[in-house]
Amino acid sequence: MRVPRKIDREEGLLSLDFLIGFTIFLIALIFVGVMISGLLVHLQSRTIDYDAVAYRTSVVLVEDPGEPANWQLANLTYPEERANVKRLGLAIQKNYPGILLQDKVEKFFNDTTSAGCLAEGKFCNPEDYREKLIFGDYPYYFNISLKNLDVPSPPLTVGDPIPDRTRYGYIKRIVKIQKPDSIHLYNVIPDSASSLKTASFRFDIAELYDVPPPYRIDPLNQNVSILLQDFSPNTTGAWPNITDIQICTYPIALTGGGCIGADVYEDSPRMIVTIDGNKEYDSGDPATNTVTDTVSINLEKGFFTRIGYDRFGTIDLIMTFDQNVTNQVVYSYDSDSAASLPELQSAVLEVWVW
Amino acid sequence: MVNDDGQLYTIEGIAAALMIVVTAYLVVSTTTVLTQQDVHIIDLQLQQLGNDALAMMDTPNKYWDKSNLSIFIEGNKTNEFHNQFLAYLNAESGSGMITGNYEYNATIYYQNSTEINSYVFYESQEYYRENSVKVRRWVFLSDSSPLLPDLDFSVNRTVLLEVQLWRE
């Protein structure tokens, strides 16, 4: 208590209560100060984050071939093969951004809900897309749509309908889709005019791969479709019979007879030989393999890779008949035999994320 | 002795601290801060779209074909260029709302025997001070173009197409 004209020995002292209170206040202030910057970042990043995720998604789709780059060949009914698909890029190759592969586009947009996706061998919506394309811990909703601009067709869509009221991130990309080459046509000639019993089709992969990927005929990664036509009976009236079909590496001598038969695989990807458009070739029953019109050979995509042939090889598909069918030693599987060549078509890809 | 006047007690200190924290949180969480980055994202979308459109116009559909962009410049086909570029910009998949109304000016830069010259290839509207982006593409010309009579073909057959792009 202050008394005039007397020395106050307690002047300038602080109470303990005040010190404790002030300390707590300071600690709280520092705490708030540290927290504010974090709060602001969180606030600002909301819509920007969605746009960034949409942009990132579009970059993965349009400019990246995915991981592995030939994931379109994966058989999604096997969990191991599904798990092996790490990233769903649609690009044909990393050096050709904006050019999408038709097979990847078809597989990507062929989705189904989570219940039956494993059994049907399709991508699960939305789990697979979130895990292999959108990424991030937050379960983003998305809608990805692709529309062909050159050929009128309904748009391909995966994801949820776009909400009216929520803010979303958006990006539009202009792309081209590669339509692969169509069927390859070859003609045979009658027995009387020919001297060879074997029709050999040669896949010179190294030569085909000289063409840049967007315009390339690619038997390693795409379906191979061959039609052999113009069959006729010999002078005695007998129609040609297929006695054997082999696929071999060329030259055969170097690899020690690396040949396999036509029906070595039961499941996909396999080789399907159809005679006269209606009956399947059966190596076990040669009497049924009479050809009166055409032979079509379909190798499902990934067949050559499955039997271990790569892009450095040359492959011969040798079809043997019981009478002469040709004078040509090899039929070359190349741009000359294709009914139509690979062609690019414009499309627009839009991504919404919210 | 110090009396109780003007003293802050422990409980009051805690209460005050709590009030400050709660107030700060409430204030910060109800305020929307508009940042500069929003504009950057829109710029990025426009720039990406312009780049994509030029890149796809410069990609031939078949192996031996010329790209459309080369054909348009070589043949002075301004209308075709305008139609295709605008078709790409306005392309929609149909799933969402329509965004549109683009304006752009296209200029070609090339080298003649002495200097770098420019030619206005297309001008859809005069540019004032709208928020615009510029996209560029080097275009290879295999034939001479009537547009660029003094293009030095022996030195350089590549011209720079620059498009200034904005939303109306």
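## Close-up views of a two-chain predicted model

**View 1. B:Lys77 sits between two helices of chain B.** B:Lys77 lies in the loop that links helix H3 (68-74) and helix H4 (78-89) of chain B. Helices here are DSSP runs of H or I, at least four residues, and strands are E runs of at least two, numbered from the N terminus. This is a predicted model: local features need pLDDT of at least 70, side-chain atom pairs count only at pLDDT 80 or more, and totals for chains, interfaces and linings use all residues. Residues are numbered from 1 along each chain as its sequence is written, chains are lettered from A and ligands numbered from 1 in the order in which they are written, and side-chain values use heavy atoms, with hydrogens and water left out. B:Lys77 counts as partly exposed because its relative accessible area is 33%; buried means under 20%, exposed over 50%, and partly exposed in between (1.4 Å probe, protein chains only). Leaving aside residues up to four places away in sequence, B:Lys77 touches B:Ile71, B:Phe72 and B:Phe121. Contact means heavy atoms within 4.5 Å. B:Phe121 is 44 residues from B:Lys77 in sequence, and their C-alpha atoms are 9.4 Å apart.

**View 2. Chain B runs from helices to strands.** Chain B has 4 helices and 4 strands. From the N terminus, their order is α-α-α-α-β-β-β-β. Of the 168 residues of chain B, 39% are buried. Among contacts in chain B with a separation of 6 or more, 64% join residues 24 or more positions apart.

**View 3. Chain A meets chain B.** Here 51 residues of chain A contact 45 residues of chain B. The two chains bury about 4,100 Å² between them, 64% of it on carbon and sulfur atoms. In chain A, the residues that lose the most area to chain B are A:Lys172, A:Ile174 and A:Tyr215, together 16% of what that side buries. Buried area is the accessible area (1.4 Å probe) that two parts lose on being put together, summed over both.

View 4. Chains A and B share 2 salt bridges. A salt bridge puts a side-chain nitrogen of Lys or Arg within 4 Å of a carboxyl oxygen of Asp or Glu. A:Lys172 pairs in this way with B:Glu92, with the closest N and O atoms 3.8 Å apart. On the chain A side, helix H1 (16-63), strand E4 (142-148), strand E6 (169-179) and strand E17 (343-353) each supply at least two residues that touch chain B. H1(A) gives the most, with 18 residues.

**View 5. A disulfide in chain A.** A:Cys117 is joined to A:Cys124, S to S 2.0 Å. The rule (cysteine sulfur atoms within 2.5 Å) gives 1 disulfide over all chains. The link of A:Cys117 and A:Cys124 is right-handed, with 80° about the S-S bond. Both cysteines, A:Cys117 and A:Cys124, are buried.

**View 6. A:Leu90 and its surroundings.** A:Leu90 is in the loop between helix H2 (79-84) and strand E1 (99-101) of chain A. A:Leu90 counts as buried because its relative accessibility is 0%. Beyond four places in sequence, the residues it touches include A:Trp71, A:Lys104, A:Val105 and A:Phe108. Helix H3 (residues 102-109) of chain A is mostly covered, with 7 of its 8 residues buried. Among them are A:Lys104, A:Val105 and A:Phe108.
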